Amino acid sequence: MKKIIWVIVSSVAVVFLMYHFSVQSENKRLENALAVQYSNQLTSASEKLTKLTESVDQTMLFTDKEALDQPLEDVWRISSDIRNSISSLPISHDTSTVWMNYLNRLGNGASQVKNGQVPIEEWQKNMVSARENLQALSDQWAFTNKDGGNKDFIVTAFVQNKLDKSGEKNWKSLGNSVKAYTESDFPMTASETDQQKKKDLQHIQDIEITLDDAKEKFVKLFPEFKDAKIHITESSQDAPYPFYHIEFHKGIRIGYADLTKKGGHILSFLLERPFDKTTITAQQMKDKSAEYMKTFGFTDTEMVEYRENSIAWHLSFARKDENNDALIYADGIQLKIAKDNGELLGLNAMEYIQKEKIVKQEIVPLDKDELFSSNFFIEEERLAYVENKQLQQRLAYQVLARNDTVGTYKIYIDTENHEILHADKLP
């Protein structure tokens, strides 16, 4: 009899342990899922706060009503998005209430300015301190998410906080919530194609060159590789445009180049080799790049940006319009120059060869005093072609404006209708 009782007790214990282990495993899986959910929400809120601060800064740029329309709309929309993010997190009620009320007032204020109920001057005056408050919010988010979404910290700060208030009975409802968050009822769709495919370079009217011509052209452009082993192939039949692909090898250097079949225009160049520890100066880099651009015949360009890493300088050039010297950013060229001796490591002239079709556009004088707020100083102004929302190339005033509070902005304003095409904050 005792043996039977012992067997029964043992069986019950085993079943209980198995059940306990199963519950613990299920709880741990749910805990991990919740940690992922809250970490994603924290990251999303942090990104939105950064965008909100940038939008507030843009509302301080202008006094013109039309120019302010989009930034004010962004402040209203993004502040509402952040309130939704905060409401979905199990943070303290007092903290949540303070943040929600502040963001609500900010969004409503932007809406009132947009509708003409509040003067823009009053809004811009208040936004000087509002920027500091938004930065404080960002700092709090950064502290809350200080471990970069570390699971243990998220579980301690959020998951357990939620469970302690809700009790074990809410495990099921929490599980359903996580399931709804992590699963989708809709299938994954295929990636959409780009709005603008590579062009066929039909505008090139030059005659086609032969394979031997391509080799001769390559050696003329890069005489240092005249003794290299060179192998040339033609592009495939389904390529968007016909070109010659050149592979070359000389000593420790190996590289590639592409030339268009029509006219032998250089599309790209890439060189690989070991690097020394010496470093050329920034001025030497600029002088070298000017030599390369002249050699390739890209004399109608201007350097618009350059940056560096441990082994190379990366430079960007834009074509200048022959009529007004406006920069055409879409007709760009990128160079890569070795940091140790200035040797050309890479070139991409695809956009330059494709060449945008520029439409003649009226240039209406810009009244900067009417457009910009009084505390912004214009440091530089020139003309440039940039895309509008309809992906059309528009001639624009490129204005560099600085304010000691919000920083420096590069702003593109349509020369014909004075629409704000882009307003980018510089680092």
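Is Phe218 buried or exposed at 1% relative accessibility? Phe218 counts as buried, because its relative accessibility is 1% (buried means under 20% relative accessible area, exposed over 50% and partly exposed in between, with a 1.4 Å probe and protein chains only). The model is predicted, so that local features need pLDDT of at least 70 and side-chain atom pairs count only at pLDDT 80 or more, whereas totals for chains, interfaces and linings use all residues. Residues are numbered from 1 along each chain as its sequence is written, and side-chain values use heavy atoms, with hydrogens and water left out.

Eleven aromatic pairs were counted (rings of Phe, Tyr and Trp, the last by its six-membered ring, pair if their centres lie within 6.5 Å; planes under 30 degrees apart count as stacked, over 60 as edge-to-face and the rest as tilted). In one of these, the ring centres of Phe218 and Phe248 are 5.2 Å apart and the planes stand at 40°, so the pair is tilted. Because Phe218 belongs to helix α7 (residues 211-221) and Phe248 to strand β2 (residues 243-250), this pair ties together parts that are 30 residues apart in sequence. Helices (H or I, at least four residues) and strands (E, at least two) are DSSP runs, numbered from the N terminus. Phe248, also at 1% relative accessibility, counts as buried.

Phe248 forms a further tilted pair with Phe225, at 4.6 Å centre to centre and 45° between the planes. Phe225 lies in the loop between α7 and β1 (229-234) and Phe248 in strand β2, so the parts tied together here are 23 residues apart in sequence. Both residues of this pair, Phe225 and Phe248, are buried. Ring pairs join Phe218, Phe222, Phe225, Phe248, Phe269, Phe296, Phe298 and Tyr352 into a cluster.

Tyr352 also has Arg319 over its face, at 3.9 Å from the ring centre. The charged end of Lys339 sits over the ring of Trp313, 5.7 Å from its centre. For such a contact, NZ of Lys or CZ of Arg is within 6 Å of the ring centre and within 35 degrees of the ring normal.

The largest pocket holds about 490 Å³ of space. A pocket is an open set of points on a 1 Å grid over the protein atoms alone, where a 1.4 Å probe fits, with protein on both sides within 12 Å along at least five of seven lines; lining residues have an atom within 4 Å of a point. Of the 21 lining residues, Glu66, Ala67, Glu419, Ile420 and Leu421 are the closest to the pocket centre. Helix α2 gives the most to this lining, with six residues.

How values were computed: Points joined across faces, edges and corners; volume = space filled by probe spheres on them.
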